[in-house]
Amino acid sequence: MRKLITLPLLVYSQRIVKPKLDVVYPVIHGMANQAVQYKMNAKLLKRTNELIVQQGYGENPDTTETGYYELKNNQRDVLSLTLINYAFSGGAHGLTVVVPITFNTKNGKVYKLKDLFKPDSNYVKRLSELVENQIKERDIMVLGEYTGINPNQDFYIADKSLVLFYQLYDLAPYAYGIPYFPISIYDIQDIIADEGPLGQMFG
């Protein structure tokens, strides 16, 4: 049976501007299912506001924040994006935090990493080995001993790739920035859940 082709969602930018705060976040428009659209937009705004607070705005009067977002995947009933917030409150440098969100655009569900894989697939071990190989190949200096990914590791989907990443200081020194680890879906095809978002990327 032929899969229906789903068109990309319409995503517009909305802005929150206050003293020492300038954050741009995504707003979805034009979905046939308005309830799902509302659910997704509510989640995006909630995460945006949580990130603003997490970064110290309103608590520390010296904190200046800027934020934006990046669309990573907008096809095949999967919307994957990242919210990016930079805060500076003095010192040598500021702090950037990246929050990923991956939606099922049919029902507004937010996927967790485990949702991408077959039950009992031991995806943590498999992905940890792939990330560890990239750490060695790219000669990334890790803070302490690498012990593998978390079961709910930060991720986003970019077409035919699953991209895992770590926040600043979680894996490597600040100078390395935020370490991203792209993994081709074809390298993990045997453990991918057919009905999950990565399964949708085949074909």
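This is a predicted model: local features need pLDDT of at least 70, side-chain atom pairs count only at pLDDT 80 or more; totals for chains, interfaces and linings use all residues.

Visitor: Which elements each supply at least two residues of the lining of the largest cavity?
Guide: This cavity has a volume of about 60 Å³. Its lining includes V23, T48, Y68 and I84. The elements that each give at least two lining residues are β2 (21–29), α1 (34–54), β3 (64–75) and β4 (78–88).

Visitor: How many residues in that lining of the largest cavity are charged?
Guide: Among the lining residues are V24, L51, I52 and L83, along with G67 and N85. By class, eight are nonpolar and three are polar, and the number of charged residues is none.

Visitor: Which strand gives the largest share of the lining of the second largest pocket?
Guide: About 210 Å³ of space lies in this pocket. Its 15 lining residues divide into eight nonpolar, four polar and three charged. Nearest the centre lie R47, P100, Y111, N152 and D154. The largest share, five residues, comes from strand β5 (residues 95–104).

Visitor: Which residue in the turn between β6 and β7 has a positive phi?
Guide: Strands β6 (residues 155–158) and β7 (residues 161–165) pair in the antiparallel sense over four bridges. One of the bridges joins A158 to S161. Two residues lie between the strands of this hairpin, and the one with a positive phi, about 55 degrees, is D159.

Note on methods: Residues are numbered from 1 along each chain as its sequence is written. Side-chain values use heavy atoms; hydrogens and water are left out. On a 1 Å grid over the protein atoms alone, a cavity is a set of points where a 1.4 Å probe fits but cannot get out, and a pocket is an open set with protein on both sides within 12 Å along at least five of seven lines; lining residues have an atom within 4 Å of a point. Grid points are joined across faces, edges and corners, and a volume is the space filled by probe spheres set on the points. Ala, Val, Leu, Ile, Met, Phe, Trp, Tyr, Cys and Pro count as nonpolar, Asp, Glu, Lys and Arg as charged, and the others, Gly among them, as polar. Two strands pair if DSSP finds at least two bridges between them.
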